[in-house]
Amino acid sequence: MLIVVLTYIALYQTPIQGLLTILIYATGLSIPLIIISSIGGSFGKKIKDTTKISGNLADKVIGVSIIVIGIYFLYLALQ
């Protein structure tokens, strides 16, 4: 996917347009990770407060979900 974006920028856009396109592309890729980590942090804190346990399980589940999203992005990049 990144190769397609970089090729499009190299062929059809000026340097300023390319910078803005890469900025938008990077923001779009980071939004799911930011959302999951934010929800995971608040979810883990609520679990720790209500159940009086460490919340390690919630942290592990959120960590695994972030890793799965990273693997999905790699899968898309290698297609």
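**Exercise 1. Is Tyr12 buried, partly exposed or exposed?**

Solution. Start with the ground rules. This is a predicted model, where local features need pLDDT of at least 70, side-chain atom pairs count only at pLDDT 80 or more, and totals for chains, interfaces and linings use all residues. Residues are numbered from 1 along each chain as its sequence is written, and side-chain values use heavy atoms, with hydrogens and water left out.

Next, take the cut-offs. Buried means under 20% relative accessible area, exposed means over 50%, and partly exposed lies in between (1.4 Å probe, protein chains only). Tyr12 has a relative accessibility of 60%, so Tyr12 counts as exposed.

**Exercise 2. Describe the overall build of the protein.**

Solution. Step one: count the elements. Helices (H or I, at least four residues) and strands (E, at least two) are DSSP runs, numbered from the N terminus. The protein has 3 helices and 0 strands. Read from the N terminus, the order is α-α-α.

Step two: check the spread. The radius of gyration is taken over C-alpha atoms, and the globule rule is 2.2 Å times the number of residues to the power 0.38. For 79 residues that rule gives 12 Å, but the protein comes to 18 Å, well over it, so the protein is more spread out than a compact globule. The C-alpha trace spans about 55 × 25 × 10 Å along its principal axes.

Of the 79 residues, 11% count as buried. Contact means heavy atoms within 4.5 Å. Take the contacts with a separation of 6 or more: residues 24 or more positions apart account for 42% of them.

**Exercise 3. Find the aromatic pairs and classify each.**

Solution. Begin with the rule. Rings of Phe, Tyr and Trp (its six-membered ring) pair if their centres lie within 6.5 Å; planes under 30 degrees apart count as stacked, over 60 as edge-to-face and the rest as tilted. The count comes to 2 aromatic pairs.

Take Tyr8 and Tyr12. Their ring centres are 5.5 Å apart and their planes stand at 45°, so this pair is tilted. Both belong to helix α1 (residues 2–12), and being 4 residues apart there, they are separated by about one helical turn. Tyr8 is partly exposed, at 43% relative accessible area.

Now take Tyr72 and Phe73. This pair is tilted too, with 6.3 Å from centre to centre and 40° between the planes. Tyr72 is partly exposed at 47%. Phe73 is partly exposed at 25%.

**Exercise 4. Which residues line the largest pocket?**

Solution. First, the term. On a 1 Å grid over the protein atoms alone, a cavity is a set of points where a 1.4 Å probe fits but cannot get out, and a pocket is an open set with protein on both sides within 12 Å along at least five of seven lines; lining residues have an atom within 4 Å of a point.

Then name the lining: Met1, Leu2, Tyr25, Leu29, Phe73, Leu76 and Ala77. The largest share, 3 residues, comes from α3.

Sort by type. Ala, Val, Leu, Ile, Met, Phe, Trp, Tyr, Cys and Pro count as nonpolar, Asp, Glu, Lys and Arg as charged, and the others, Gly among them, as polar. The lining divides into 7 nonpolar, no polar and no charged residues.

Last, the space. The largest pocket holds about 160 Å³. Grid points are joined across faces, edges and corners, and a volume is the space filled by probe spheres set on the points.
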